[in-house]
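Please read it alongside the sequence and the coordinates displayed here.

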Amino acid sequence: MTTIPSWAAVAVSGLLVLVAVAIASWQRLGISREIVVAALRALVQLLAVGAVLAWLFAHAGVAGALAWVLAMTFVAANESRRRGQGLPRAYTAALVGILVATASTLGVLVLGGVISTEPQVLIPIGGMVVSGSMQAASLTLSSLHRSALENRSAVEAALSLGLPAHQAFAREMRTAVRTALIPTVDSTRVVGLISLPGTMTGLIIAGVDPLQAIRYQIIVMYMLLAAWAVSALVTARMAQGAMFDDAQRLVPVAA
Amino acid sequence: MRVDRSELFTLEHVSLVIDGRRILDDVDEHLHDGVATAIAGPSGSGKSTLLRLLNRLAEPTGGRVLFRGTDVRDLDVRQLRRRAVLVPQRPTALTDDVPSEVRVGAPHLTDTEVRSLLVRVALDPADFLDRVPSSLSGGELQRLCLARALAVGPEALLLDEPTSALDPRSADAVDAVIRSLVGSGLAVVLVSHDVLRAGRVADDVRVLHDGRVTARGPAAGLDLEHELMSPPADGHVHDVTDPRRHGTSHLPHDHEPVPSTDLDPTPEQP
């Protein structure tokens, strides 16, 4: 095991914040104050998260860990909703998408015996799934929102031929799901070449043999591919359901 | 209410209020089968909205719309939209090749049927079958959209500004296709801000101002420029549908000749 930095070492790293502040004030960027505030905020947030996680790992158990993941899901859905602002029931669509994606991928990993159910595994892995699902839901909602504004004429032309909503909107749905999947497919393709992803980096710093560390990374990557796909698809389906009314009409969508 | 067999659409005291804004105000109209009816008016008069009420892309907040005597809300909405196909204002291709475009609403059409639909809209199949829709001119694309609409076998076409995006020659070609379709027995309801062009292509005209019908009658019987520029005072409708009641429909001009029929830039407020 490598040595974990002491608090004194952390304090020394604080000098690097001063470097950033020095550059900002020297170049008169007008963001010196913001840099200091952001750095302090990060410190406080991480202290709090560290304390909470320490407590959770010691006391939460499986149920507590799952409750924590569930709470993250609600926060994530609220974040995604902002990308679909103007769409009806965007929050519900994102929430269901993220929930289904998280539950199904975590479920497969746990039931398949791939990961253990200890809080120190479930919470960080769950966090990665929720975060990936959230990004997929956000991209899906923002693509659907753009389509509803830009392609209304085409969608209504198809509806006016008597096509059902799901057919009239099929192209927009495909575009939304494809758009949401591109980032994760791209990052999966170049993994290890351009960036050393977080899970692997963390394990290697903690002293784990790289050939063992990549196993975890492979699992995480495959899990995220599934999570993004499920979240994008479910979010899109839910959103589509809310975007058309009983008379097969595309409801008004605010810009 | 007694319903005339030849009546295509009936609007009974139809109003539409959105966010406190009155888009349509007590529209009470009979649109007839087998003819082309133009709904003309300046932009913002509510004419496109009125068209969208007919196939339930929009819903009135008051009154009701009947299709052949049946409340449109009592019809299966997809059936209604196949019986009265609406072609939106901006001609838009939905696929990447001409035969697929014609088949959007009718996937099982044979090649022969696709060809004959193209002929009906004056697109020579020999030239157009292999073309990509995005390479078509505005007028050709509009006619392809008409073929796509005809493919589902409608009883009526609802056309939203079918020629507004086109140069005069292409517009004339589209108008000629519309006339030939009406001649073959199809009913057409079309919306236009170009009242003279509307008068040439339509048999019947309704003039709409600020959500109210201000004139109705046969295209030949109305002085359309006058109707558009000088709508009657509040609540009055200039009705020339019954010549016995009104005698000659021609009103003396009380204004200078209008240089242009495109009234969008300066819609006159009543």
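In chain B, 68% of the contacts with a separation of 6 or more are between residues 24 or more positions apart, a contact being a pair of residues whose C-beta atoms, placed from the backbone, lie within 7 Å. The model is predicted, so local features need pLDDT of at least 70 and side-chain atom pairs count only at pLDDT 80 or more, while totals for chains, interfaces and linings use all residues. Residues are numbered from 1 along each chain as its sequence is written, and chains are lettered from A and ligands numbered from 1 in the order in which they are written.

**Chain B**

- Chain B has ten helices and eleven strands; helices (H or I, at least four residues) and strands (E, at least two) are DSSP runs, numbered from the N terminus.
- Of its 270 residues, 46% are buried, meaning that 20 or more other C-beta atoms lie within 10 Å of the residue's own, whereas 12 or fewer make a residue exposed and counts in between make it partly exposed.

**Chain A**

- Chain A contains ten helices and zero strands, and its pattern along the sequence reads α-α-α-α-α-α-α-α-α-α.
- The C-alpha trace of chain A spans about 70 × 55 × 35 Å along its principal axes.
- Of the 255 residues in chain A, 34% are buried.
- Among contacts in chain A between residues at least 6 apart in sequence, 75% join residues at least 24 apart.
- Gln27(A) lies in the loop between helix H1 (7-26) and helix H2 (32-59) of chain A.
- Gln27(A) is exposed because 10 other C-beta atoms lie within 10 Å.

**Helix packing**

- Helix H6 (residues 138-150) and helix H7 (residues 168-183) of chain B pack at about 20°, with axes 9 Å apart; axes are lines fitted to C-alpha atoms, for helices over the stretch in contact, and angles run from 0 to 180 degrees between N-to-C directions.
- That angle makes H6(B) roughly parallel to H7(B), a class for angles under 35 degrees, with over 145 roughly antiparallel, 65 to 115 roughly perpendicular and the rest oblique.
- The crossing of H6(B) and H7(B) is right-handed, the near helix being turned clockwise from the far one by less than a right angle.
- From H6(B), Gly138(B), Gly139(B), Gln142(B), Arg143(B) and Leu146(B) meet Ser170(B), Ala173(B), Val174(B) and Val177(B) of H7(B).
- In chain A, helix H5 (residues 119-150) packs with helix H8 (residues 170-189) at an angle of about 145°, their axes 8 Å apart.
- The crossing of H5(A) and H8(A) is also right-handed.
- Residues in the contact include Gly132(A), Ala136(A) and Leu139(A) of H5(A), and Glu172(A), Thr175(A) and Ala176(A) of H8(A).
- By class, the contact of H5(A) with H8(A) has six nonpolar, seven polar and one charged residues; Ala, Val, Leu, Ile, Met, Phe, Trp, Tyr, Cys and Pro count as nonpolar, Asp, Glu, Lys and Arg as charged, and the others, Gly among them, as polar.

**Nonpolar core and chain contact**

- The largest nonpolar core has 127 residues, such a core being a set of buried Ala, Val, Leu, Ile, Met, Phe, Trp, Tyr and Cys residues joined through C-beta atoms within 7 Å.
- Helix H10 (residues 210-243) of chain A supplies the largest share of this core, 13 residues.
- Ile98(A) is among the residues with the most contacts inside the core.
- The contact between the chains takes 14 residues from chain A and 18 residues from chain B.
- The chain A side of that contact divides into eight nonpolar, four polar and two charged residues.

Technical notes: Contact = placed C-beta atoms within 7 Å.
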